[in-house]
Amino acid sequence: MKKTIAIILTAIMILAAFAGCGQTENGDDGSEQTNIAKAQTLRDIIDSLTEEDDYQSAYSDETFIFAYSKNGVYYRAFMDMTEEMSDDVWNMEYDDSWLEGLKNIAGSLEVKKIENLSEKMPSQEELDKLIGKNGQYLMDEGWGYWYYNLLDMEAGMSYKEFEYTVKFEYDGEPMENTDDFDFWENFKDLTIKSVTCDGIGNATYIEEE
């Protein structure tokens with residue numbers, strides 16, 4: 001059965017973070033943006049990565065998405081993928097040589113589009129519009145959570161490409177974090193007090209058609 005983007009994004013998203021030496025901007029005119037725009041293949045992008053850059057990837061039989069950071073800014077490149085190449089990448093072992101192996105298998109993929117993902121980050125003014133709504137609203141809109149703090153009544157949440165800290169109004173008896181604690185059941189009626197964007201989460205997220 002043909003794999004779909006939606007399945008791959010949730011099943012095999014790969015995230016690798018590196019820490020290392022400092023990096024300076026490069027490019028013929030000193031512009032990192034210009035250098036990024038010149039990338040014509042996946043190989044060009046991979047070769048431009050340094051130990052300080054992060055990357056994520058996701059793919060289907062038809063599309064390959066590669067998101068990566070340069071000087072703290074996230075970019076996302078789209079390429080056409082073949083079913084055979086998709087199978088080859090699927091069968092790769094994820095280890096320290098994975099990125100080099102990806103370059104050998106799929107480095108020739110032509111970049112169709114590169115977008116500045118960081119520019120899509122919502123403004124604080126936009127996030128403040130959520131104040132006064134409740135947890136049920138977030139659940140209905142498709143937000144997810146990856147932690148909650150019952151002492152401060154806040155949660156680490158995700159929505160599309162970004163992650164957020166959401167704080168809730170609560171003046172009742174302290175909640176107990178039991179083994180069967182249901183976050184949505186307990187937070188659905190709580191009023192949102194504040195929302196802040198913490199940065200990139202799933203950089204390979206795309207809207208399903």
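**Exercise 1.** What volume does the largest pocket have?

*Solution.* This is a predicted model, where local features need pLDDT of at least 70 and side-chain atom pairs count only at pLDDT 80 or more, while totals for chains, interfaces and linings use all residues. Residues are numbered from 1 along each chain as its sequence is written, and side-chain values use heavy atoms, leaving out hydrogens and water.

Step 1: the volume comes out at about 440 Å³. A pocket here is an open set of points on a 1 Å grid where a 1.4 Å probe fits, with protein on both sides within 12 Å along at least five of seven lines; lining residues have an atom within 4 Å of a point.

Step 2: look to the centre. Of the 22 lining residues, Pro122, Glu126, Tyr159, Lys160 and Tyr164 are the closest to it.

Step 3: sort the lining by class, and you get eleven nonpolar, eleven charged and no polar residues.

**Exercise 2.** Is Ser69 buried or exposed?

*Solution.* Step 1: Ser69 has a relative accessible area of 6%, so it's buried (under 20%; exposed would be over 50%).

Step 1: check its partners. The side chain of Ser69 reaches the backbone nitrogen of Asp54 at 2.8 Å. Beyond neighbours within four places in sequence, Ser69 is in contact (heavy atoms within 4.5 Å) with Glu52, Asp53, Asp54 and Tyr74.

**Exercise 3.** Which residues have the most contacts inside the largest nonpolar core?

*Solution.* Step 1: pick them out of the 24 residues in this core: Leu42, Phe64, Phe66, Tyr68 and Leu102.

Step 1: follow Leu102. Not counting residues up to four places away in sequence, Leu102 touches Leu42, Phe64 and Phe66, among others.

Definitions and conventions: Buried means under 20% relative accessible area, exposed over 50%, partly exposed in between (1.4 Å probe, protein chains only). A polar contact is a pair of N or O atoms within 3.5 Å; within protein, one must be able to donate a hydrogen and the other to accept it, and residues adjacent in sequence count only if both atoms are side-chain atoms. Grid points are joined across faces, edges and corners, and a volume is the space filled by probe spheres set on the points. Ala, Val, Leu, Ile, Met, Phe, Trp, Tyr, Cys and Pro count as nonpolar, Asp, Glu, Lys and Arg as charged, and the others, Gly among them, as polar. A nonpolar core is a set of buried Ala, Val, Leu, Ile, Met, Phe, Trp, Tyr and Cys residues joined through side-chain atoms within 4.5 Å.
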